[in-house]
Each structure stands twice: as C-alpha cells, then as structure tokens.
Amino acid sequence: LVARSPAVLRGPARPEVVLLMSGAAKADFLPNPPSPGLGGSLRVSAILDRAASGGRISPAEALVLFEEAPLLELGAAAAAARRRLHPGNRATYQVDRNINYTNVCVYRCTFCAFYRKAGDEDAYVLPLDEIASKVEETLALGGTGVLLQGGVHADLPFSFYEELLSFLRDRYPRIHRHAFSAPEIFFLAKKEKLPIAEVLVRLRDAGLMSVPGGGAEVLEDGVRKRIRALAKAPTGKWAEVHREAHRLGMPTTATMMFGVGETYAERIAHLEVVRRIQDESLAEGKESFTAFIPWTFQEENTALDGTVEVSTGHDYLRTLALSRLFLDGVPHVQGSWVTQGKKIGQVSLFFGADDLGSIMIEENVVAAAGAHNRMTREDMVGLIRDAGFTPAQRGSVYDRCHAPCCRFAEGGEG
C-alpha cells in the first residue's frame, strides 16, 4: 500500500528536516526512516501529530510526509484534521452542471483532449438558447448552479462574456454563476489591454458571482512549460486572478491536476502558492478560497498519452491527504469521484475530503480524456450514506452565498 507511485519523479536530494518538537525548536536530526512500506518513523509521527492537531507544516516537512509516511497513517491524520475543521459526520455535495460554452482554444496544452482549433469541423460556440435549455434542465433536476468554462477563444469579444452573464442573471436568478477560469480572464486582460482587476470588475457587474480554480494544473512554471500550459497562465497570473477576485468580494476555488510527471516537490510548490494566497486573502478579510480540489490527469486522446505514468489510486489518496494537512486555512477539500470512480470517492472521505463535489449533470473536458464516471443525485446520497456519513446538499460556494440560488441548499439533503 505504501510503495512510491511511479507517476511521480524523484526530485533532488532534500536536506534533513529540523522538527519542532513539544513546541520548542530542537536541532536534533532524527534518524533516517525505514524504507517505504515497512512502517513510519519518529519524524513522520511527529509531523503527523502536529498537523492533525492544527499545527502548520513546512514544505520540507510536507516532502517528508509525501516520501515516507505510510498511506494509512497519512490518511488517519488527514481525517483527524477534517474532523477538527468539520465536527460531526456530514459530507456535502452539489447539484450543478458544467457548461462548456466553446471548445475552441488558442492554446495546445498537451494534457487536454477537449480543445479544437477555430475552423475544425467539430468546433463550436453554444448559442444562448442552447445554454438556456441546459440551465432549465439543471433547475428541473434540483440544481443550484452552473460552472461556465470553455476554451480560450481568441475571436469572442468581451461583450460575449458580459452578455452571457447578464442573460443568466436576469433570466435565472436561482442559478449561481460560477464562471471563467484564470486563463480565460487573463486572456481577456491581454486582449483588451486591461488590468486583471478591471476585467473582474466588469464581469462581476455583469453577473459573475464566483471564480472556479481551473487552469491551475501544477502551479510550478517549469512543469507548466513542459505541458504547454505556461503561456495560457503563468503561476503568477493565475494567482493574481484569484487574489483580485477575493479583493472584489468574490469567493474562488483552487484546483490541482497532477500526475503529469512532476515531482513531489513540485506538487508542494503548488500547495505553497495556494496557501500563500489564502493567508493573504484571509488577512485582508474580504473573500478567499472556499475549497481545494485535486484530481489526476486523464491521458486518453491527449498528446501526453503514453508518455507519463499516470497516477494511481494510491497516489491520489496520498496527495489528497497531504493537501488537507498542508492547506490549513482552506476550509474544504473535495474528493474526485469523477476521475477516480465512486469507490475511491467514498474512500476519499476517510483521507481528508469533506465534500464529493457535484453530481455533474454534464461535464465534457475530463470526459474527452477518458473519464466517463456519472452519478445521479440519488447515487450521490447513497454513496455518502453507505460510507457512514450524512449527505447534505450545498451551493456552489458552500455557505458563502445567501442569494436565492444557494439559500435552500444550506444544510439538508435537498
């Protein structure tokens, strides 16, 4: 169970970690741990105990846990942190729909199977009446929100985004508008020669309510360059979009798509970016990340297919648990049944996740890369209950939105 996942490349040799023991700094180097698979070590136990009780762990300590902590001990610590943050036995979910309004994209990310070039036979931009039909079906199924996200389409004017948002705001006030990832917003800023903050103000005024964390992949620019994601949004620009959204009073989510050959250290660099933004946003006292959502790269139909060893369920659970322990200021961590399947989705609730995300009435991007897991509302309720938790439907941003779209979903099964 605790062998190193082949999906992760071993990074450069790390220095010995000086632990903080019993609240006081001790400069004693603990002995090297046994090999993975043969149990933990004193230093692993000390880090896990502190993290589970709410202490902050350093990047170096996180690397120790990634490399050396037995999987079940890591999961138990993450579960303890989850219980501390969310007393009780509740696990939440959402009923919403991903509306991919266009598949045309100027970028050629090697991990993406969804994009099309302008002029391709199957390229599209959804008309408003088709989007309206999707929203009406979402409402009929008890949905509370839509996630609007597409390729980065060079020919769509700024007015397209504003008109789409205002159309949904005016016609469907009971639908939360969670829309446009950092690369889409960054591209609008470049195209219109506007500051990112001004782009966000205009979108907010048109009806944007919150910003999804998509387009993050791994927030380490060396990795982003290798998978051709750097141009669409360098790490600093992804971070700027979320910082500015928080300052403007809009909650956002943070994501990580991993398993593209990155090292554990590069995953931790990603987590550091998210934690730093959250610390700053919480200090400013306006808005912040509601949740962290990690999932694994799906290789089918992508340019990376066959070139990297994809993450296993073991690697996913290890990364999920470490995320819960490291991101002490992010309130929610979401399990990914969409990429991992329903059973690992259930197991994620014992590895730090307190939420299983959306039932996904519709999703096209990950499906294009081979992930075809689907679920009804009844399936989700049963899945959570069978794992021993109490299911509760939530809105798009948990308890942050009190508009009609999310009000009814605060607490019950729906």
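Biologist: What percentage of the 414 residues in the protein do buried residues make up?

Modeller: Buried residues make up 57% of the 414, where buried means under 20% relative accessible area, exposed over 50% and partly exposed in between, with a 1.4 Å probe and protein chains only. This is a predicted model, in which local features need pLDDT of at least 70, side-chain atom pairs count only at pLDDT 80 or more, and totals for chains, interfaces and linings use all residues. Residues are numbered from 1 along each chain as its sequence is written, and side-chain values use heavy atoms, leaving out hydrogens and water.

Biologist: Why are α5 and α7 called roughly parallel?

Modeller: Helix α5 (residues 158-171) and helix α7 (residues 196-206) pack at an angle of about 30°, with their axes 8 Å apart. Angles under 35 degrees count as roughly parallel, over 145 as roughly antiparallel, 65 to 115 as roughly perpendicular and the rest as oblique, so α5 is roughly parallel to α7. The axes are lines fitted to C-alpha atoms, for helices over the stretch in contact, and angles run from 0 to 180 degrees between N-to-C directions.

Biologist: What makes the contact of α5 with α7, by residue class?

Modeller: Six nonpolar, one polar and four charged residues. Ala, Val, Leu, Ile, Met, Phe, Trp, Tyr, Cys and Pro count as nonpolar, Asp, Glu, Lys and Arg as charged, and the others, Gly among them, as polar. Residues of α5 including Phe 158, Tyr 161 and Leu 165 meet residues of α7, among them Val 199 and Leu 203; contact means heavy atoms within 4.5 Å.

Biologist: Why are α2 and α11 described as roughly antiparallel?

Modeller: Helix α2 (residues 59-68) and helix α11 (residues 313-326) pack at about 155°, with axes 11 Å apart. That angle falls in the class over 145, and α2 and α11 are therefore roughly antiparallel to each other.

Biologist: How do you know that β4 pairs with β5 (residues 145-148)?

Modeller: Two strands pair if DSSP finds at least two bridges between them. Four bridges join β4 to β5, and the two run parallel; Asn 98 has Leu 147 of β5 as its bridge partner.

Biologist: What makes β4 and β6 edge strands of the open sheet?

Modeller: The three strands of the sheet are in the order β4-β5-β6, with parallel pairing. β4 and β6 (176-179) each pair on one side only. β5 and β6 are joined over four bridges, and Val 146 has Arg 177 of β6 as its bridge partner. Helix α5 packs on this sheet, touching β5 and β6.
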